[in-house]
Amino acid sequence: MLTLYYSPGACSMASHIALEEIGERYEAKETLLSKNAHKSPEYLAVNPRGKVPALVVDGELLTENTAILTYIGKRYPHTKMLPEEPLAQAKCISQMAWFSNTPHISQRGIMRPYRFASEEGHHDDVKATMKTNFWHDLQEIDALIGSRTWVLGDTYTMADPYALVFYRWGARAELPMAELKSYTGLKDRLLARPAVRKVLDREKDTFLKASA
Ligand SMILES: N[C@@H](CCC(=O)N[C@@H](CS)C(=O)NCC(=O)O)C(=O)O
């Protein structure tokens, strides 16, 4: 049994879409960050780190999008969302690791500046700096996509739904996402996928639908 704990619009959207793509049964449990549900004793008993996503596989906890997406890809190879050839697979994991350790961290500084500077007087500076960094990260993703259909080339991989998370966050941060033509094209191709649309409906997304 697979159970995903997610919060609408959070980075857990990547794992949520991947689970929907494989077409197997899973349970999606909403854990609202906005209501601090991720800090509740019930959720901390599931994931002591108090973050989403968390995937529980037959009672065992798996955290980190990069690991969850790799696991889903390996367990359900029919989707071909994780390349099998070793170097191509490592490149996919490398891309996901970069998503997790670079644009995600820039965005964390915009949303949670207090995690980077304890003095409140410094928070606006952290937010502005991280917003600039985030924009550079998004431009890097746009350049990487270039004329490709998907993030890594002609094949839809686990890196694609993950990339959608940052497009959405860019729109939410009121960054000029339409200027990023390749990334916007990727976003449109993702929004055309039934699995993506289903997850956006379940997560009651407004930012991506508004930009469609
Ligand atoms: N490196 C983790 C990051 C997980 C993470 O920070 N998730 C955010 C939502 S996007 C969260 O749960 N934040 C709550 C908090 O930090 O208190 C991953 O990629 O899965």
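Thr157 is located in the loop that links α6 (123-145) to α7 (159-172), where helices (H or I, at least four residues) and strands (E, at least two) are DSSP runs numbered from the N terminus. At 2% relative accessibility, Thr157 counts as buried; buried means under 20% relative accessible area, exposed over 50%, and partly exposed in between (1.4 Å probe, protein chains only). Thr157 is in contact with Met81, Pro83, Cys92 and Leu152, leaving aside its neighbours within four places in sequence; contact means heavy atoms within 4.5 Å.

This is a predicted model, in which local features need pLDDT of at least 70, side-chain atom pairs count only at pLDDT 80 or more, and totals for chains, interfaces and linings use all residues. Residues are numbered from 1 along each chain as its sequence is written, and side-chain values use heavy atoms, with hydrogens and water left out.

**The sheet**

- An open sheet of 4 strands has the order β2-β1-β3-β4, with mixed pairing; two strands pair if DSSP finds at least two bridges between them.
- β2 (27-30) and β4 stand at the edges with a single partner strand each, so one side of each has no neighbour in the sheet.
- On average, neighbouring strands of this sheet are turned by 25° against each other, direction ignored. Axes are lines fitted to C-alpha atoms, for helices over the stretch in contact, and angles run from 0 to 180 degrees between N-to-C directions.
- Strands β3 (residues 54-57) and β4 (residues 60-63) run antiparallel and are joined by 4 bridges.
- In this pair, Ala54 stands opposite Thr63, and Leu55 stands opposite Leu62.
- The two strands form a hairpin with 2 residues between them, and Asp58 in the turn has a positive phi of about 45°.

**Helices on the sheet**

- Helix α1 (residues 12-22) lies across β1 (2-6), β2 and β3, and runs at about 150° to β1.
- Helix α3 (residues 65-75) packs on the sheet and touches β1, β3 and β4, its direction making about 115° with that of β4.
- α1 is mostly covered, with 11 of its 11 residues buried; among them are His16, Glu20 and Glu21.
- The partners of these buried α1 residues are β1, β2, β3, α3, α7 and α9 (194-202).

**The α4 and α5 pair**

- The axes of helix α4 (residues 86-101) and helix α5 (residues 103-111) come within 3 Å and cross at roughly 15°.
- These helices are therefore roughly parallel to each other; angles under 35 degrees count as roughly parallel, over 145 as roughly antiparallel, 65 to 115 as roughly perpendicular and the rest as oblique.
- Trp98, Phe99, Ser100 and Asn101 of α4 make the contact with Pro103, His104 and Ile105 of α5.
- By class, this contact has 4 nonpolar, 3 polar and no charged residues. Ala, Val, Leu, Ile, Met, Phe, Trp, Tyr, Cys and Pro count as nonpolar, Asp, Glu, Lys and Arg as charged, and the others, Gly among them, as polar.

**Nonpolar cores**

- The largest nonpolar core has 56 residues, and Leu138, Phe166 and Tyr183 have the most contacts inside it. Such a core is a set of buried Ala, Val, Leu, Ile, Met, Phe, Trp, Tyr and Cys residues joined through side-chain atoms within 4.5 Å.
- α7 supplies the largest share of this core, 8 residues.
- Not counting residues up to four places away in sequence, Phe166 touches Phe99, Pro103, His104, Phe134, Leu138 and Tyr183.
- A second, separate core of 6 residues includes Tyr5, Ala10, Val52 and Ala54.
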